[in-house]
Amino acid sequence: MTRLYRLDATAGDIANAFGAREGEDPWAGGYVAPLGFAPVVTAGRDFIAGPRPAGRALAARIVPRLWGVLPPPSADDPTRRIASLRNLDSPFWIGNLRNSEFRCLVPATKAMLWGSGIDYEGRRLRHWLAPPGEPIFAMAGVWKDEEVPAFAILTRNATGPARAAGCKVEPVVLPDSVEARQTWLHGGWDAARMLCEQAGAALQEVEPPEG
């Protein structure tokens, strides 16, 4: 599960990489963990959920969102926030996923995944991975309109080097193209779901594993 990532880029860098409006986001780079705020790129309305204005698309822009969505009231612990999702047919998520206004790009420069190995002190190994040749990449995200708007990251079964390292799950990294990002932010759910199934380049280790 993705529980930590780095975004070593400024809001201006993110805006340039994804063709988004920078706005007033103060992000200057660093770690992102659940219950922390991070910049995401959205083409939905900023403060009020609902249909976009008829006849025109809203420009992609950077907005801060809390990482971790409140679970449904029926959850065992209704205060434990949800940082990621795997079941794309979940009744809790499907309405937001089908409505492109709630989909977002989650920029990152590398993601941390837990592997199956342990170090000499018996601690699980942490692997830092990123798609090769992408200084800033986009993970597929979805947000919910709560008192404090919050997002979660889509995940899938680990593949390639991540799977070889013993990681069970990895984030859904979108293909590095304007078309793919536009599809995720504006497209119908069938096309957006296909992106999740195809995903982008395989994640590669970018530094030695940590215990």
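Predicted model: local features only at pLDDT ≥ 70, side-chain atom pairs only at ≥ 80, totals over all residues.
Strand E3 (residues 37-42) pairs with E4 in the antiparallel sense over six bridges, and here Val 41 stands opposite Ile 62. Strand E10 (residues 150-157) pairs with E4 as well, in the parallel sense and over two bridges; in this pairing Trp 67 faces Phe 151 of E10.

Turning to charged side chains, the count comes to seven salt bridges. One of them joins Asp 89 and Arg 193, whose closest N and O atoms are 2.8 Å apart. This pair links distant parts of the chain, since Asp 89 belongs to the loop between strand E5 (84-85) and helix H2 (91-98) while Arg 193 lies in helix H5 (residues 189-198), 104 residues away. Asp 89 is partly exposed, at 49% relative accessible area, and Arg 193 is also partly exposed, at 23%. Arg 193 meets Glu 197 in a further salt bridge, at 3.8 Å from N to O. Glu 197 and Arg 193 are four residues apart in H5, so about one helical turn separates them. Glu 197 itself is exposed, with a relative accessible area of 56%. Together, Asp 89, Arg 193 and Glu 197 form a network of salt bridges.

Another salt bridge connects Glu 207 with Lys 110, with 2.5 Å between the closest N and O atoms. Glu 207 sits in the segment after strand E12 (204-205) and Lys 110 in strand E7 (residues 110-118), 97 residues apart. Glu 207 is partly exposed at 23% relative accessibility, whereas Lys 110 is buried at 17%.

Conventions: Residues numbered from 1 in each chain as written. Heavy atoms only, no water. Pairing = 2+ DSSP bridges. Salt bridge = Lys/Arg side-chain N within 4 Å of Asp/Glu carboxyl O. Buried < 20%, exposed > 50% of the residue type's maximum accessible area, 1.4 Å probe, protein only.
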